[in-house]
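Thanks for coming. I will go through one model this morning, starting with its pocket and then moving to a few helices and strands.

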Amino acid sequence: MIDLHIHTSASSDGQHTPREIFEMAKKIGLEAIAFADHNTVAALDEGFELSKEFGIEFIPALEINTIYDELDLHLLAYYIDYREPKFKVWLDEINQEKVEQGFKRFEKLRELGFVLDIEDIEKISKGRIPSGATFLKAILSRKENTGNPRLKPYIDGERSDSPSLNFYLDYLRGGKPAYASLAVCDTVDSIKKVKGFGGVPVLAHPSDTPPGVIKLLIKEGLAGLEVYSSRHTEEEIRYYLEVVKRHQILYTAGSDFHGKQIKPNVELACIKGNGYEVLQRLKFYIQNLQHRR
């Protein structure tokens, strides 16, 4: 088995260190894993070192927050040349705008009546860019928010199965009350840049994305879809398998694991279709790409 979408503590909403991830992967017998942290490659060098120690194949990746027509789409970039200086410049631009986005989200949440201060955010984020999990924790940490009926669904109600993710989906993504755009992270431009840096752009959990937009992104160079995801139903999996077959693009498999504190219902490698042949197809794509160069 493999898992090509794992978050470490390098992500602002990742619970486990790279070593802890490898220890868990070894325990359940994974052959290969990929760290795909949000807008950062901080854990990749350590991942390669741990790969030698644990005898588990390691695939470098990251998950980039992109925007297409106010849709917050997540782009997985596999095998990208993350040591390339121009890539680092682009990543710095993304993270600078993510910082600004964080301040905009903070202000909008306050306007919505949630009580929180910048100090609350900084205490929880510990120097990392705040995520949906950060904002929810900060809000819940303030006694002034106790009893707010809007928070009850995330504490013990219908949204409590994965509170951090659901808070993000309900408040922070495109079209939601605390949404803030990212001008530097246009999805189409990001696809082209990932490919320009030798990477493979794959749309994470595509059920977030309207079918027409997926079709357009494929025309613009999207290389694959994360068909097997912890966020997909069996029906959605069958549908996206048909899409990749029709367009002759890649499919990948990733749990989107963050740790139990962040996503209580998502286990490492808790997805079907995560056999090693998925990675073999990804490698074959890279080989053909390098050959054409």
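**The largest pocket and its surroundings**

Helix H3 gives the largest share of the lining of the largest pocket, four residues. Helices (H or I, at least four residues) and strands (E, at least two) are DSSP runs, numbered from the N terminus. Before I go on, this is a predicted model: local features need pLDDT of at least 70, side-chain atom pairs count only at pLDDT 80 or more, and totals for chains, interfaces and linings use all residues. Residues are numbered from 1 along each chain as its sequence is written, and side-chain values use heavy atoms, with hydrogens and water left out.

Back to the pocket. How many residues line the largest pocket? The lining has 30 residues, and Ser 12, Asp 13, His 38, Asn 65 and Ser 131 lie nearest the centre. The elements giving two or more residues to that lining are helix H3 (85-111), helix H5 (132-141) and helix H7 (163-172). The space in the largest pocket is about 450 Å³.

The terms need spelling out. The search runs on a 1 Å grid over the protein atoms alone; a pocket is an open set of points with protein on both sides within 12 Å along at least five of seven lines, and lining residues have an atom within 4 Å of a point. Grid points are joined across faces, edges and corners, and a volume is the space filled by probe spheres set on the points.

By class, the lining has 10 nonpolar, 13 polar and seven charged residues. Here Ala, Val, Leu, Ile, Met, Phe, Trp, Tyr, Cys and Pro count as nonpolar, Asp, Glu, Lys and Arg as charged, and the others, Gly among them, as polar.

Next, H5. Is H5 mostly covered or mostly uncovered? H5 is mostly covered, with seven of its 10 residues buried. Buried means under 20% relative accessible area, exposed over 50%, and partly exposed in between (1.4 Å probe, protein chains only). The buried residues of H5 are Gly 132, Ala 133, Thr 134, Phe 135, Leu 136, Ala 138 and Ile 139. They pack against H3, H4, helix H6 (152-155) and H7.

One of those residues, Ala 138, is in contact (heavy atoms within 4.5 Å) with Asp 120. Asp 120 lies in helix H4 (residues 118-125) and counts as buried because its relative accessibility is 15%. The side chain of Asp 120 also makes a polar contact with the side chain of Arg 142, at 2.8 Å. A polar contact is a pair of N or O atoms within 3.5 Å; within protein, one must be able to donate a hydrogen and the other to accept it, and residues adjacent in sequence count only if both atoms are side-chain atoms.

In the loop between H4 and H5 we find Ile 129. Leaving aside neighbours within four places in sequence, Ile 129 is in contact with Ser 12, Asn 95, Lys 98 and Val 99.

Last, the strands. Strand S7 (residues 250-254) has five of its five residues buried, so it is largely enclosed by the rest of the structure. In a regular strand the side chains alternate between the two faces of the sheet. Leu 250, Thr 252 and Gly 254 are on one side of S7, Tyr 251 and Ala 253 on the other, and all are buried. Strand S6 (residues 224-229) runs parallel to S7, joined by four bridges; two strands pair if DSSP finds at least two bridges between them. Opposite Tyr 251 in S7 stands Leu 225.

Note on methods. 1 Å grid on protein atoms, 1.4 Å probe; cavity = no way out; pocket = protein on both sides within 12 Å on 5 of 7 lines; lining within 4 Å.
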